[in-house]
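The following report describes a single protein chain for a reader who is new to structural analysis. Please keep the sequence and the structure in view while reading.

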Amino acid sequence: MNTLSCFIVEDDPQALAYVSAIIKHYGNIDIMGSSNTIQAAADQVKKLQPDFLILDVFLEDGNAFEFLALFEAIDFKIIFTTSFAKYAIDAFRFSALDYLLKPYEEKDLIAALDKVSEDIHKESYQQQLNALLHNLSDHKISKKLVLKNTDAIYIVNIEEILYAKSDNNYTTFIMVHGKEILVSKPLKSFDEKLANYNFFRVHQSFLINLSYISSFDRRNEEVILKQIHAVPVAQSRKKDLVDYINKLF
């Protein structure tokens with residue numbers, strides 16, 4: 001295995017010592033240096049050109065996204081770490097980027113190091129980083145969700161998702177403009193991400209955007225989206241859906 005190079009951006013001395021010890025024990029990773037400030041870290045990373053960073057999201061003099069803005073292009077992988085801010089965690093999930101929530105266990109960092117080692121030569125994930133920066137820039141700005149399959153990486157506005165349907169471990173997203181995107185992840189993983197953004201699991205196999213409900217067909221137990229898309233509603237979810245519709249009026 002080739003030796004990888006790492007740079008650590010962390011302003012907590014205890015956290016720095018913890019991560020450094022784990023990396024040294026891991027082997028095949030050379031710690032090129034560390035910094036606790038944005039500008040100093042950027043200067044060192046540009047000079048040393050490490051393969052990947054371990055980057056604390058919130059630093060004393062700013063945050064990781066101000067740090068990333070100092071680079072014209074990101075040609076290194078990143079393991080993000082953070083101790084708070086739920087909205088930041090949501091942004092990572094939406095952008096399909098990994099992070100470690102402090103305090104994390106040694107096995108969690110080792111799993112992240114394993115993944116970096118496997119992915120180090122894959123193409124840049126600049127698109128995913130751009131989506132992350134967008135999602136963190138303003139709570140009021142439309143959230144973007146990264147959908148990946150073997151053919152492409154799609155970055156979509158979540159309000160443009162009409163509904164999603166499951167086929168075992170695959171999920172197809174139907175967009176309001178008619179496009180369909182198939183991804184090799186189960187519907188459950190997206191249900192958890194989108195639950196706080198006006199999406200509702202009406203059936204084991206269907207997740208809908210509540211903003212597009214036109215009507216509920218009681219006889220056929222179907223919800224109609226945008227007046228033309230009929231989606232089945234499970235008996236166990238019917239009451240919750242009807243309660244939601246009643247609150248709209």
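Helix α1 (residues 13-26) packs with helix α5 (residues 106-119) at an angle of about 55°, and their axes lie 11 Å apart. Axes are lines fitted to C-alpha atoms, for helices over the stretch in contact, and angles run from 0 to 180 degrees between N-to-C directions. Helices (H or I, at least four residues) and strands (E, at least two) are DSSP runs, numbered from the N terminus. The two helices α1 and α5 are therefore oblique to each other; angles under 35 degrees count as roughly parallel, over 145 as roughly antiparallel, 65 to 115 as roughly perpendicular and the rest as oblique. The crossing of α1 and α5 is right-handed, a term for a near helix turned clockwise from the far one by less than a right angle, whereas anticlockwise is left-handed.

This is a predicted model, in which local features need pLDDT of at least 70 and side-chain atom pairs count only at pLDDT 80 or more, while totals for chains, interfaces and linings use all residues. Residues are numbered from 1 along each chain as its sequence is written, and side-chain values use heavy atoms, with hydrogens and water left out.

Which residues of α1 and α5 meet? From α1 come Tyr18, Val19, Ile22, Ile23, His25 and Tyr26, and from α5 come Glu106, Leu109, Ile110, Leu113, Asp114 and Ser117. By class, this contact of α1 with α5 has eight nonpolar, two polar and two charged residues. Here Ala, Val, Leu, Ile, Met, Phe, Trp, Tyr, Cys and Pro count as nonpolar, Asp, Glu, Lys and Arg as charged, and the others, Gly among them, as polar. Contact means heavy atoms within 4.5 Å.

The loop between β7 (99-101) and α5 holds Tyr104. Tyr104 counts as buried, at 11% relative accessibility. Buried means under 20% relative accessible area, exposed over 50%, and partly exposed in between (1.4 Å probe, protein chains only). Not counting residues up to four places away in sequence, Tyr104 touches Tyr18, Val19, Thr81 and Leu109. Pro103 is also placed in the loop between β7 and α5, and the peptide bond that leads from Lys102 to Pro103 is cis, with omega near -5°.

Two further helices show how buried residues are arranged around an axis. In helix α2 (residues 38-48), the residues Ile38, Ala41, Ala42 and Val45 are buried. They cover an arc of only 100° around the axis, which puts them on the same side of α2. The arc is that of the directions from the helix axis to the C-beta atoms. An α-helix has 3.6 residues a turn, so residues three or four places apart point the same way. The buried residues of α2 pack against several elements, among them β1 (4-9), β2 (29-35) and α3 (64-68). Gln49 follows α2 and has a positive phi, near 50°.

In helix α7 (residues 187-194), the buried residues are Leu187, Phe190, Asp191, Lys193 and Leu194. Seen down the axis, they fall within an arc of 165°, so they line one face of α7. The face turned away from the buried side of α7 carries the exposed residues Lys188 and Glu192.

Two asparagines have a positive phi although neither is a glycine. Asn28 lies in the loop between α1 and β2, and Asn198 in the loop between α7 and β13 (199-203).

| Residue | Phi | Relative accessible area |
|---|---|---|
| Asn28 | about 65° | 38%, partly exposed |
| Asn198 | about 70° | 30%, partly exposed |

Asn198 is also in contact with Ile208, a residue of strand β14 (residues 206-209). Ile208 is buried, with a relative accessible area of 0%. The C-alpha atoms of Ile208 and Asn198 are 8.6 Å apart in space, and the two residues are 10 residues apart in sequence.

Leu68, in helix α3, is buried, with a relative accessible area of 5%. Leaving aside neighbours within four places in sequence, the contacts of Leu68 include Leu55, Phe76 and Leu129.

For the chain as a whole, the secondary structure comes to eight helices and 17 strands. Of its 249 residues, 44% count as buried.
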